[in-house]
Amino acid sequence: MTDLGATARQASATARLEWLLVGLGVAGLLAAPFFLYPIFLMKIMCFALFACAFNLLLGYTGLLSFGHAAFFGGAAYFCAHAVKDWGWTPEAGILLGTVGAALLGLVMGFFAIRRQGIYFAMITLALAQMFFFFCVQAPFTRGEDGIQGVPRGHLFGLVDLSQPLNIYYTVAAIFLIGLFAIWRIVNSPFGMILRSIRENENRAVSLGYSVANYKLAAFVMSAALAGLAGATKAIVFQFATLTDVTWQMSGEVILMTLLGGIGTMIGPAVGATLVVTLQNTLATSGFPVTIATGLIFMICVLLFRRGIVGEIYAKLPGIKK
Amino acid sequence: MIFGIPLQAFLGQLLVGLINGSFYAMLSLGLAVIFGMLKIINFAHGAQYMFGAFVGFLLLQWLNIGYWPALVLAPLVVGVVGMVVERTMLSRLYSLDPLYGLLFTFGLALVIEGVFRYCYGVSGQPYAAPDALSGGTNLGFMFLPNYRGWVVVSSLVVCLGTWLAIEKTKLGAYLRAATENPKLVQAFGVNVPVLLTLTYGLGSALAGLAGILAAPVYQVSPLMGSDLIIVVFAVVVVGGMGSILGAVITGYVLGLAEGLTKVFYPEASNIVVFVIMAIVLLVRPAGLFGKDA
């Protein structure tokens, strides 16, 4: 048994270490485009934000959604359509994508929270598939072609986003704001209630919390942040296609979160980095990505369910989850 | 004429719906059997269905073994592979949250699908119906292709047979008992782990059988299972997995509903199952036959 003082000293040391890591991370993010290909980094940031948004639901509320592609890809469509066909500015397009994803999340969540556990997963999967069929048939998504050639435009009518560094720092800012929002949600009283639902739903009910409302709120927030990531991706890559609304995409974000560490703050971002890097490597090697993805899934579930960051936390004593 | 639709076209779509319903019923039956015992949702069910169709196709290509032997061999191969997977990997996950089983079988489905996609591309391979079942019968009011009639009849027989085996035989009684209280059944000298392996094998074999039955109706393609499994999940949500008979009936009914939608409002035919699922969730969140919340 360690005495109270030692524990407190250890905790404050841990906190200092965490802040040091955050500072290093932000500095690295700002310096990265001078060393690495910016498009690749922006892709990673979009998927990392997507995975962190997904983790808000799986890691901190204990709800496994198998339909998050609907929010990611749906927001990309909304944003691309507004910017290209209505001539909106990029920030307005991204905002529309985020709000659209939130509304979609409200509808899907309303149905899905009526069941728990694996049923919840199956319902979200089915509803997302329904949205996929909608996207196949709706005229504004332009079917198999998708919305191509979306202009990046000028941020607030001032900053030219066709300049590589301008778009990079815009995406980095969105990424950091998104992560900060997730961090605030998780560490707020609201986030604590979400965790209590994850740990023991019945007890949370008996303590007087209307669990259904909290679950729905978490679902909508997660959907909105996933939408933020998807809409940003549409601006970066200048297109929105059916790929982003398929169930394979929903599976991919689960993989990123599982690989990095479910319920850890930065785990999903680490997982996203690894998965995107792996996909880029495999794309040139000819080895099918699907098989690699499936194998990593099986290995993660069988051998290290805590994920990479989770395993590191478990090894280092004194670091709180 | 029915509601301004020619009777022929109406019955034709209804038959298509019945065929689809036969496959929904067989697949949701397999899912319900596996879920009942293992408490795992088998995401690989669609991939195993596709695997069954490919076993039939490859037996013909490589060994010139025709449809009838394949009807036995394909489920056998899929079932044995399933049992190996259960014994070596899946059995380690029983003590965990059931979500891990879902994620594991999802990965398994991706691997199976990826392998076939790598070897055979995404285009479908034709697989001819056996000579004995080619051609059709004129029923007076409609023309029924013999093979389709065979699919409906055999799926009914398989579903009823499985239900009887679980409800009326000694082995089925062990199965149901082990679902209720595995520890107690084990204490009575029944080897529960073997029972679990057999159950997963049986469920996988059912998917394989559905696959080989489907091979002459649809084309044999690596993607044939993945879109189907999502519809079957919706079927399972509607029916509730508590009851085997419920899963089967829901499968047929939703297949027919899909066929009817194709007649009256074709644009909605591929989402109608999901819409019904949403309505059922509003009215009866536990599912039509479900006991669990």
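This is a predicted model: local features need pLDDT of at least 70, side-chain atom pairs count only at pLDDT 80 or more; totals for chains, interfaces and linings use all residues.
Buried residues make up 49% of the 293 residues in chain B.

Start with the secondary structure. Chain B comes to 11 helices and two strands. Read from the N terminus, its elements run α-α-α-α-β-β-α-α-α-α-α-α-α. The radius of gyration of chain B is 19 Å, close to the 19 Å that the globule rule gives for 293 residues, so chain B is as compact as a globular protein of that length. Along the principal axes, the C-alpha atoms of chain B fill a box of roughly 60 × 50 × 35 Å. Now take the contacts in chain B between residues at least 6 apart in sequence. Of these, 76% join residues at least 24 apart.

Next, follow one helix of chain B. Helix 5 of chain B covers residues 146-168 and has 23 residues. From its first C-alpha to its last, helix 5 of chain B reaches 32 Å, close to the 33 Å expected at 1.5 Å a residue. Which residues of helix 5 of chain B are buried? They are Tyr147(B), Val151(B), Ser155(B), Val158(B), Cys159(B), Thr162(B) and Ile166(B). Here, a residue is buried if 20 or more other C-beta atoms lie within 10 Å of its own. What do the buried residues of helix 5 of chain B pack against? Their partners in chain B are helix 1 (7-38), strand 2 (143-145), helix 6 (170-180), helix 8 (192-214) and helix 10 (244-264).

One loop residue of chain B also deserves a look. Lys39(B) is found in the loop between helix 1 and helix 2 (45-63) of chain B. Its phi is near 60°, a positive value in a residue other than glycine. Most residues other than glycine have a negative phi. Lys39(B) has 16 C-beta neighbours inside 10 Å, so it counts as partly exposed.

Now cross to the other chain. The contact takes 33 residues from chain B and 32 residues from chain A. On the side of chain B that touches chain A, helix 4 (98-120), helix 9 (226-239) and helix 11 (272-283) of chain B each supply at least two residues. Which helix gives the largest share of that side? Helix 4 of chain B does, with 16 residues. The residues of this side of chain B divide into 26 nonpolar, three polar and four charged.

Chain A has 13 helices and two strands. The radius of gyration of chain A is 20 Å, close to the 20 Å that the globule rule gives for 321 residues, so chain A is as compact as a globular protein of that length. Its C-alpha atoms fill a box of roughly 65 × 45 × 40 Å, taken along the principal axes. Of the 321 residues of chain A, 49% count as buried. Among contacts in chain A between residues at least 6 apart in sequence, 77% join residues at least 24 apart.

Two helix pairs show how parts of chain A pack. Take helix 2 (residues 38-61) and helix 9 (residues 211-237) of chain A. They pack at an angle of about 175°, with their axes 9 Å apart. Helix 2 of chain A and helix 9 of chain A are therefore roughly antiparallel to each other. The residues of their contact divide into 16 nonpolar, four polar and two charged.

The other pair is helix 11 (residues 267-285) and helix 13 (residues 307-315) of chain A, which pack at an angle of about 130°, with their axes 7 Å apart. That makes helix 11 of chain A oblique to helix 13 of chain A. Where do they meet? Gly267(A), Val270(A) and Gly271(A) in helix 11 of chain A meet Gly307(A), Ile308(A), Val309(A) and Gly310(A) in helix 13 of chain A. The residues of this contact divide into three nonpolar, four polar and no charged.

Finish with two loops of chain A. Gln238(A) sits in the loop between helix 9 and helix 10 (247-260) of chain A. Although Gln238(A) is not a glycine, it has a positive phi of about 65°. Gln238(A) is partly exposed, with 17 other C-beta atoms within 10 Å.

Phe140(A) lies in the loop between helix 5 (117-137) and strand 1 (154-155) of chain A. Is Phe140(A) buried or exposed? With 11 C-beta neighbours inside 10 Å, Phe140(A) counts as exposed. Phe140(A) and Leu194(A) are 54 residues apart in sequence and 37 Å apart in space, C-alpha to C-alpha.

Definitions and conventions:
Residues are numbered from 1 along each chain as its sequence is written. Chains are lettered from A and ligands numbered from 1 in the order in which they are written. Helices (H or I, at least four residues) and strands (E, at least two) are DSSP runs, numbered from the N terminus. The radius of gyration is taken over C-alpha atoms; the globule rule is 2.2 Å times the number of residues to the power 0.38. A residue is buried if 20 or more other C-beta atoms lie within 10 Å of its own, exposed if 12 or fewer, and partly exposed in between; C-beta atoms are placed from the backbone. Two residues are in contact if their C-beta atoms, placed from the backbone, lie within 7 Å. Ala, Val, Leu, Ile, Met, Phe, Trp, Tyr, Cys and Pro count as nonpolar, Asp, Glu, Lys and Arg as charged, and the others, Gly among them, as polar. Axes are lines fitted to C-alpha atoms, for helices over the stretch in contact, and angles run from 0 to 180 degrees between N-to-C directions. Angles under 35 degrees count as roughly parallel, over 145 as roughly antiparallel, 65 to 115 as roughly perpendicular and the rest as oblique. The expected span of a helix is 1.5 Å times one less than its number of residues.
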